[in-house]
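Visitor: Could you walk me through this chain and tell me where the labels come from?

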Amino acid sequence: MPWREIWGSHGGRIAGVAFGLILGIIYLISGFWDMLFFALVVFIGYTLGGRKDAQAPLFPWRELLEQLSGRWRPFK
């Protein structure tokens, strides 16, 4: 099988295994909590990058406040 077909059919699994190997190496070198903090920082970067690619606001505070203001009004 050519690499493009393998990547097309199993790309998510390959990326997941590569990510797991990288996190495992970081765990072996630095420790469990440092690895979790690193994974959190990577996840935040991935999320913000995905929002930027989708042309969505990076921090949707207005939408969140509009949702909360309709359902929750403590001082009526």
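Predicted model: local features only at pLDDT ≥ 70, side-chain atom pairs only at ≥ 80, totals over all residues.

Visitor: How many helices and strands does the chain have?

Guide: There are 3 helices and 0 strands, in the order α-α-α. Helices here are DSSP runs of H or I with at least four residues, and strands are runs of E with at least two, numbered from the N terminus.

Visitor: Why is tryptophan 33 called exposed?

Guide: Exposed means over 50% relative accessible area, buried means under 20%, and partly exposed is in between (1.4 Å probe, protein chains only). Tryptophan 33 has 65% relative accessibility, so it counts as exposed. You'll find tryptophan 33 in helix α2.

Visitor: Which residues form the nonpolar patch on the surface?

Guide: Ile25, Tyr27, Leu28, Ile29, Phe32, Trp33 and Leu36 do. α1 (3–30) and α2 (32–53) each give two or more residues to the patch, and α1 gives the most, with 4.

Visitor: What does UniProt place at residues 12–29?

Guide: An unreviewed UniProt entry places a "transmembrane region" there; such annotations may be inferred rather than shown by experiment. In the model, residues 12–29 are 100% helix, with their end C-alpha atoms 26 Å apart.

Methods
Residues numbered from 1 in each chain as written. Heavy atoms only, no water. Patch = residues over 30% accessible without salt bridge, like charges linked within 9 Å, V, L, I, M, F, W, Y side chains within 5 Å. Areas by Shrake-Rupley, 256 points an atom, 1.4 Å probe, with all protein chains shown as cover. Salt bridge = Lys/Arg side-chain N within 4 Å of Asp/Glu carboxyl O.
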